[in-house]
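Please look at the sequence and the structure below, and then work through the questions and answers that follow.

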Amino acid sequence: MPLPSGLPETVADDEPISRFMTSKSSHCNTTAVKQGAFLPNPKDGRLSVARHGADPIEESERMAKEDYKLEKAFGVALIQAKEIRKVELDFEADDTPLRHADVVGWPWREDDREFGKAERKEKAAALAQKAERITF
Amino acid sequence: MSETLLQPGGILALGAGVAWGAFALPDSGVSPEAISLQKSFKEYASHLEVSESLFGDKAQLISHLNELCAECSEDDWDGYGAEAVSDTVLLCAETFIRALPDGIAMPEISAEPDGQISFDWLPTKTKTFTLSVGSSDRLAYAWIDGSNRGHAVDLFEGDQLPPRVLGELQRILS
């Protein structure tokens with residue numbers, strides 16, 4: 001059954017995925033995406049993304065600022081869904097706001113927080129290397 | 001330069017330079033002692049220039065760190081609910097910068113959603129070394145070198161980088 005956006009509930013491997021970048025110092029440099037752009041929120045352990053490419057880029061900007069309420073957004077780190085699955089992460093698509101999904105399955109270790117952080121950094125760095133930096 | 005001159009050693013070095021310049025003009029020394037002294041001063045001045053240059057890079061990075069922490073001093077600095085970077089984390093990150101060995105390329109710095117500071121070396125498109133400094137004395141880090149990648153945690157005692165961190169970093173930068 002399709003979601004309200006018309007997208008299927010399961011994210012396809014070839015779907016483009018956008019992570020809206022909101023910090024020029026922490027999410028990228030002048031040419032590359034940094035691992036910080038792909039680290040999950042420590043409060044819920046999820047990485048918020050949009051199931052959308054960057055074409056047209058004006059629509060990405062509108063989505064980021066109006067639908068996702070990310071006033072500081074200045075661009076996207078664009079990646080294919082299959083790259084996220086290659087590092088043993090997956091998606092939960094909730095379509096709230098439209099086209100929204102969370103990247104889930106991040107390692108967390110209550111007995112050794114730093115080790116869990118190191119594991120997450122490795123995955124985030126792998127994603128950053130595969131991502132394309134596109135600014136509005 | 002100005003920051004080095006504020007150091008006690010820097011003032012002393014400037015004083016020595018001025019004093020030397022006042023009585024030892026080029027080619028004016030005639031005794032073997034004067035020639036030897038002139039040679040020693042040139043070596044010292046050369047060493048001082050190298051030290052200033054390295055300290056300058058670290059000073060610049062510390063200045064950037066302070067700007068970054070000011071930008072990220074309140075919760076939700078990224079719009080996704082990130083935690084603020086605390087003064088404790090700032091001090092730990094500054095200590096880490098001071099412990100970077102001479103000759104290592106300066107990293108890029110970022111704030112992370114859990115309020116830690118990340119030190120990132122991105123020498124090529126396929127090589128990454130990233131290390132987080134938080135308020136604990138344990139450093140979480142990860143690296144990617146082509147198809148090889150890994151992660152680890154090491155204890156940081158504040159004066160020098162753990163040998164394993166330094167080894168992995170040097171390998172990625174080589």
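Q: How many residue pairs are in polar contact between chain A and chain B, both at pLDDT 80 or more?
A: This is a predicted model, in which local features need pLDDT of at least 70 and side-chain atom pairs count only at pLDDT 80 or more, while totals for chains, interfaces and linings use all residues. Residues are numbered from 1 along each chain as its sequence is written, chains are lettered from A and ligands numbered from 1 in the order in which they are written, and side-chain values use heavy atoms, with hydrogens and water left out. A polar contact is a pair of N or O atoms within 3.5 Å; within protein, one must be able to donate a hydrogen and the other to accept it, and residues adjacent in sequence count only if both atoms are side-chain atoms. Between chain A and chain B, the count of such residue pairs is 29.

Q: Which element gives the largest share of the side of chain A that touches chain B?
A: Elements here are DSSP runs numbered from the N terminus, namely helices (H or I, at least four residues) and strands (E, at least two). Two or more residues of this side come from each of β1 (16-21) and α3 (113-130) of chain A. The largest share, 10 residues, comes from α3(A).

Q: Which residue of chain A forms a salt bridge with B:R138?
A: A salt bridge is a side-chain nitrogen of Lys or Arg within 4 Å of a carboxyl oxygen of Asp or Glu, and the rule finds seven across the interface of chain A and chain B. In the one formed by B:R138, the closest N and O atoms are 3.0 Å apart, and the partner is A:E114.
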